[in-house]
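Hi,

Here is the structure I promised to pass on. My notes on it follow below.

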Amino acid sequence: QVQLVESGGGLVQPGGSLRLSCAASGSIVSISTMGWYRQAPGKQREVVATSTSGGSTNYADSVKGRATISRDNTKKTVTLQMNSLKPEDTAVYYCYAGAMVRDRSYYTGYWGQGTQVTVSA
């Protein structure tokens, strides 16, 4: 139905930057919200940033001023640029999309497989 493929994770030094990208594919009719979540070891998954189809964005307090989410509705992609990375940003980052697929009249949430981001010297 919907596949979300993430890229861009890796090892980054404190104070560094990274760019995560996610591309959605499948029998998609429409996507409402796209965003990024993360899950650190021993913690619950939490929202990092989201973007609606209308262009509204929302950020977790922990990344405000350091993260920028951008979205291309035509290409069905969402990107997260994060700067001034801290060790506490270390987590598996997941792409999320609320999508309506062919032959359905409602939106369902889909997740990517996750990409590891490690911030360490």
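In what follows, contact means heavy atoms within 4.5 Å. With that in hand, G15 touches S84 and L85, leaving out residues up to four places away in sequence. Before going further: this is a predicted model, where local features need pLDDT of at least 70 and side-chain atom pairs count only at pLDDT 80 or more, while totals for chains, interfaces and linings use all residues. Residues are numbered from 1 along each chain as its sequence is written, and side-chain values use heavy atoms, with hydrogens and water left out.

Back to G15. You'll find G15 in the loop between strand 2 (10–12) and strand 3 (18–26); strands (E, at least two residues) and helices (H or I, at least four) are DSSP runs, numbered from the N terminus. G15 is exposed at 54% relative accessibility. The cut-offs are under 20% relative accessible area for buried, over 50% for exposed and partly exposed in between, with a 1.4 Å probe and protein chains only.

D89 is buried, with a relative accessible area of 1%. D89 lies in the loop between strand 8 (77–82) and strand 9. The D89 side chain makes a polar contact of 2.8 Å with that of R66 (N or O atoms within 3.5 Å; within protein, one must be able to donate a hydrogen and the other to accept it, and residues adjacent in sequence count only if both atoms are side-chain atoms). Neighbours within four places in sequence aside, D89 is in contact with R38, R66, M82, S84, V117 and V119.

Next, the hairpin. Strand 9 (residues 91–101) and strand 10 (residues 108–111) pair in the antiparallel sense over four bridges; pairing takes at least two DSSP bridges between the strands. A97 stands opposite Y110 in strand 10. Six residues separate the two strands of the hairpin, and D103 in the turn has a positive phi of about 75 degrees.

Now the rings. The whole structure has three aromatic pairs (Phe, Tyr and Trp rings, the six-membered one for Trp, with centres within 6.5 Å; planes under 30 degrees apart are stacked, over 60 edge-to-face, the rest tilted). One of them is Y37 with Y96, edge-to-face at 5.9 Å centre to centre and 65 degrees between the planes. Y37 is in strand 4 (residues 28–39) and Y96 in strand 9, so this pair ties together parts 59 residues apart in sequence. Y96 is buried at 18% relative accessibility. Y37, Y96 and W111 form one aromatic cluster.

Cheers
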